[in-house]
Amino acid sequence: MTEKNFIKQFENIYIEKESFSSESAKRALEIFPKDRIHIIKDKSELKNISNMNAEQFNKSKKNLLLCSFKGKFFKRCPGVRPGLICCNYFVLNLGQHCEMDCSYCYLQSLINFPFVTIYTNIGDALNELSQIALEMKDHKLRIGTGEITDSLSLDDISLHSIQLLDYFTQHPNWTLEFKTKSANIKNFVNKKHSGNIIVSWSLNPQYIIEKEEHGTASLSERLNAARLCRDKGFPVAFHLDPVIYHKEWKESYSTMIQKITFLFKPEEVSHISLGALRFQPQQRHIMRERFGMKSLVTSGEYFKNKDGKLRYDSHLRQEMFRFIFSEFKNHNSEWNIFLCMENKENWLATTNNIPSKMEETKNLFDLKPVRHFTKRVY
Ligand code: SF4
């Protein structure tokens with residue numbers, strides 16, 4: 001999101017006293033009109049709302065909070081679940097909630113704090129990582145910052161990418177992934193790096209972006225930003241996730257894949273992950289309230305899976321995965337493409353293989369670091 005759009009979007013900006021001298025707070029004070037800024041003693045002054053209704057959730061996207069975080073920043077990816085194949089991923093949470101508005105967003109069933117929040121004490125997060133680095137220095141960790149917020153859309157305020165880039169330059173063994181639906185790369189794209197920062201985009205055909213991914217960058221903007229990062233030597237990655245069924249899905253996804261394969265060579269793209277639409281059953285109600293039945297997401301047919309989430313039936317998922325997988329592989333067998341949060345049956349149906357046995361993915365699915373971390377924490 002651009003500075004102009006931020007100014008329109010956020011009606012109230014709350015800054016915790018303790019965070020007042022942080023870089024993010026200085027930046028917020030610089031760009032937002034003074035009458036929208038509220039200095040608060042502590043974020044406990046602000047109320048949680050469990051089971052937000054549509055109106056409360058919409059409103060939550062207009063409130064920005066800058067505060068420090070006292071818990072653990074670093075954790076395992078939620079993909080580590082019975083029945084799902086995990087790709088050895090960790091998350092570093094530097095904020096929560098999102099000002100963009102995808103109809104399927106899982107935050108609708110997760111968030112109970114009605115503020116888009118930026119954690120201002122990134123120094124504490126990096127200290128926590130340094131402790132872990134001492135214990136796990138031989139493990140090749142993959143860390144992402146885009147689990148409960150977008151990694152880059154608020155970077156113009158948080159300025160987190162600059163410090164993360166500096167930190168990871170000193171930890172070349174580890175990989176950091178920025179995952180975004182924005183085109184917001186300007187804070188770091190011209191900076192020196194060690195080649196271990198992957199900049200990745202969630203991609204969907206423009207038709208889906210317009211119908212379901214409100215307030216996000218267009219497909220062309222995302223691909224152009226990816227080209228700029230590629231040109232500056234950053235590995236880039238794409239997440240075709242969530243793949244959404246619609247009448248002309250084959251044409252839409254095929255056209256998008258043609259664009260990707262025209263603009264990038266397989267060796268320039270670290271990986272492509274593929275995942276089908278999924279969400280918690282309790283989220284259906286708020287999605288219908290907020291987006292009506294015209295949305296492709298609210299009007300779809302879903303079945304409850306072992307992990308409790310609603311998904312398309314397995315045959316449709318397999319058909320969509322096989323189609324997308326072969327569109328890439330028919331173009332060039334070197335595309336490194338894998339399934340995200342999927343079961344063994346769908347892996348076998350799509351690739352005739354499982355990731356730990358495939359040359360291009362076996363390192364990603366090496367679970368040693370996950371086991372080591374689990375032992376350390378529990
Ligand atoms: S960009 Fe991600 S976090 Fe933001 S609304 Fe969309 S799905 Fe949710």
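Biologist: How do the residues of the shell around the ligand divide into nonpolar, polar and charged?

Modeller: The shell holds five nonpolar, one polar and three charged residues. Here Ala, Val, Leu, Ile, Met, Phe, Trp, Tyr, Cys and Pro count as nonpolar, Asp, Glu, Lys and Arg as charged, and the others, Gly among them, as polar. This is a predicted model, in which local features need pLDDT of at least 70, side-chain atom pairs count only at pLDDT 80 or more, and totals for chains, interfaces and linings use all residues. Residues are numbered from 1 along each chain as its sequence is written.

Biologist: Which residues are around the ligand?

Modeller: They are Cys98, Met100, Asp101, Cys102, Cys105, Leu107, Asp150, Lys181 and Thr216. A residue counts as near a molecule if its C-beta atom, placed from the backbone, lies within 6 Å of it.

Biologist: What makes a set of residues a nonpolar core?

Modeller: The set must consist of buried Ala, Val, Leu, Ile, Met, Phe, Trp, Tyr and Cys residues joined through C-beta atoms within 7 Å. Buried means that 20 or more other C-beta atoms lie within 10 Å of the residue's own (exposed: 12 or fewer; partly exposed: in between), with C-beta atoms placed from the backbone. Of the 378 residues of the protein, 39% count as buried. The largest nonpolar core has 82 residues, and Val243 is among those with the most contacts inside it. In soluble globular proteins, nonpolar side chains tend to be buried together.

Biologist: Which residues does valine 243 touch?

Modeller: Leaving out residues up to four places away in sequence, valine 243 touches Leu274, Gly275, Ala276, Leu277, Met320 and Ile324. Contact requires C-beta atoms, placed from the backbone, within 7 Å.

Biologist: What is the strand order in the open sheet of eight strands?

Modeller: The order is 4-5-9-10-11-13-14-18, with mixed pairing. Strands are DSSP runs of E, at least two residues long, and helices are runs of H or I, at least four, numbered from the N terminus. Two strands pair if DSSP finds at least two bridges between them.

Biologist: Why are strand 4 and strand 18 called edge strands?

Modeller: Strand 4 (74-76) and strand 18 (337-339) each pair on one side only.

Biologist: How do you know that strand 5 and strand 9 pair?

Modeller: Strand 5 (residues 89-92) and strand 9 (residues 142-144) share three bridges in the parallel sense, and at least two are required. For phenylalanine 90, the bridge partner in strand 9 is isoleucine 143.

Biologist: What about strand 16 and strand 17?

Modeller: Strand 16 and strand 17 (residues 310-311) pair in the antiparallel sense over two bridges, which meets the requirement of at least two.

Technical notes
Contact = placed C-beta atoms within 7 Å.
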